[in-house]
Amino acid sequence: MKNIQPNLLEEYQLGDLKLKNRVVMASLTRGRATNPDLVPTSMMAEYYAQRASAGLILSEGTWVNSQSIGFINVPGIYTEKQIEGWKIITKAVHDKGGLIFLQLGHIGAGAHPDLQNGELPIAPSAINIQSQSFTPEGFKYTVTPREMTVTDIQKTIQDYRQAAQNGKNAGFDGIEIHAIAGMLIPQFLSIATNKRTDEYGGNIENRARIIFEILDAVKEVWDSTRIAIKFSPVMLSNVGIVQPDEETISIFQYILNKLNGYDLAYVHIVGPSEDLIGTPVEQLQESYFKHFRHHYSGRLMANLGFSKQTADTILKEGNADLVSFGEPFIANPDLVERFKHNLPLSESDRNTFYSGDENGYISYPKTVYLKS
Ligand SMILES: Cc1cc2nc3c(=O)[nH]c(=O)nc-3n(C[C@H](O)[C@H](O)[C@H](O)COP(=O)(O)O)c2cc1C
C-alpha cells in the first residue's frame with residue numbers, strides 16, 4: 001500500500017516550485033560579507049552551493065537599506081554591487097539544483113550609531129530595547145533610537161519593495177520577510193517598544209499594520225506564492241525588552257487570521273526555546289505549533305531544535321508542512337544526505353559563527369561515510 005503520510009525527505013510542491021524535500025535551511029547570519037560595501041562574496045557562493053541539497057535555502061538576513069544595519073559584515077540588497085554579488089550566489093545554488101529565497105531584514109532599534117555614520121537608529125518609539133548590537137568594535141549596548149515619522153515608515157516600506165525587486169533581479173526564487181524578535185517588525189508589535197499614538201500604535205490592528213503594508217508593497221514585485229514571513233512569537237533570550245506580553249497571543253491570532261487572505265508561500269514560525277510557564281504566553285507551552293496551525297490555513301514552516309525524527313513527527317501530525325533547520329546546517333552541509341542515511345550530525349563551532357573567514361564556514365566536510 002502506498003504511504004500517503006508526509007515525509008521529510010520526499011518532494012514537496014510549494015506553489016509552482018518543486019522542492020526536492022521538506023528540509024529547509026533556515027536563515028543564518030554568518031558575517032562573511034567582509035567588505036565596506038557589504039557585497040556578498042564568492043566564498044558565500046561556495047557556502048550556499050555546498051548546502052544546495054536542501055529542499056529550499058533561506059539566505060541570511062539581508063539589509064533592505066543602510067538604516068537597517070545592526071551587525072557587522074552582513075550583506076545588503078540595496079546597491080547594484082550587492083545585487084551583482086547575490087547573482088553569483090543564486091547561480092551557484094541553481095547550478096547545483098537548489099532553490100533559494102532572500103530574507104529581507106531591518107533591525108530598527110537594534111542598530112547602533114557606530115553602524116549608522118553616527119546617526120541614531122530608527123524605531124517605532126524612542127525606547128532603548130536594551131539589547132546588543134555587533135559593531136566593528138565588538139558587541140555594544142543599544143541606545144535610545146529616534147522615533148520614526150510616518151514618512152520614515154513609508155520610506156522603509158518602499159525600501160522593502162525595492163529590496164524585493166532587487167532580489168528578483170539577483171535571481172532569487174522568492175523572499176522571506178524577517179520578522180523574528182530583535183528586528184524592526186516585532187518592535188512595532190510589542191507593547192513595550194511601540195508607544196505610538198498614530199495609526200501605527202495603540203491597538204493590535206495598528207501595531208500590526210506595518211506587516212501588511214510591507215506585504216502589500218512586496219506583492220507589487222513578487223507573486224504572493226513566492227513571499228513568506230518568519231515570526232518568533234515567544235522568543236525570550238537575546239532580544240532585550242521585546243518579550244512576549246499579554247497581547248502576544250491575540251496579536252498573532254489577528255495577524256495569522258489576516259494572512260489567511262494572502263496566499264503566501266508559507267508562514268515560518270520559530271518555536272519556544274525555553275519554558276514558557278510563568279510567562280504571559282504559558283498557554284502555548286503545550287501544542288505550540290498546533291495552536292498556530294489552528295489559526296492559519298496556509299502552509300506552515302516549523303523551526304527550532306528539530307531532529308529528523310521530530311520533524312517527521314510534526315509533519316505526520318499535520319501541524320507543519322515544512323521544517324527548517326538552522327544550526328544543524330552550519331556543520332552539516334550535507335544535512336539532507338545525513339538524514340537519508342541516518343548518519344550522525346557534526347557539531348558546529350560557535351567561535352566561528354561570525355568570525356569572517358573560511359574556517360568554520362566552508363571548511364566543514366561532507367561526512368566520510370558518503371565519500372565514494
Ligand atoms: C549563527 C546563527 C545566525 C542566525 N541568523 C539568523 C538570521 O539571519 N535570520 C533569521 O531569521 N534567523 C537567524 N537565526 C535563527 C535560525 O534561523 C533558526 O531560527 C534557529 O537557529 C533555530 O533553529 P535550529 O534549532 O534548527 O538551529 C540564526 C541562528 C544562528 C545559530
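Me: What makes a crossover right-handed?

Reply: Point the strands away from you: a crossover is right-handed if the path from the first strand over the helix to the second runs clockwise. Helices (H or I, at least four residues) and strands (E, at least two) are DSSP runs, numbered from the N terminus. Here, β13, helix α8 (residues 308-317) and β14 form such a right-handed β-α-β unit. A word on the source: this is a predicted model, where local features need pLDDT of at least 70, side-chain atom pairs count only at pLDDT 80 or more, and totals for chains, interfaces and linings use all residues. Residues are numbered from 1 along each chain as its sequence is written, and side-chain values use heavy atoms, with hydrogens and water left out.

Me: Which strands pair with β14?

Reply: Two strands pair if DSSP finds at least two bridges between them. Strand β3 (residues 23-25) pairs with β14 in the parallel sense over 3 bridges, with V24 opposite S324. Strand β13 (residues 300-303) also runs parallel to β14, joined by 3 bridges; there, M301 has L322 as its bridge partner.

Me: Are the faces of β14 covered or exposed?

Reply: Buried means under 20% relative accessible area, exposed over 50%, partly exposed in between (1.4 Å probe, protein chains only). In β14 (residues 322-325), both faces are covered, with L322 and S324 buried on one side and V323 and F325 on the other.

Me: How many residues are in the largest nonpolar core?

Reply: Such a core is a set of buried Ala, Val, Leu, Ile, Met, Phe, Trp, Tyr and Cys residues joined through side-chain atoms within 4.5 Å. The largest has 93 residues, and F325 is among those with the most contacts inside it. Another core, of 14 residues including L322, lies apart from it.
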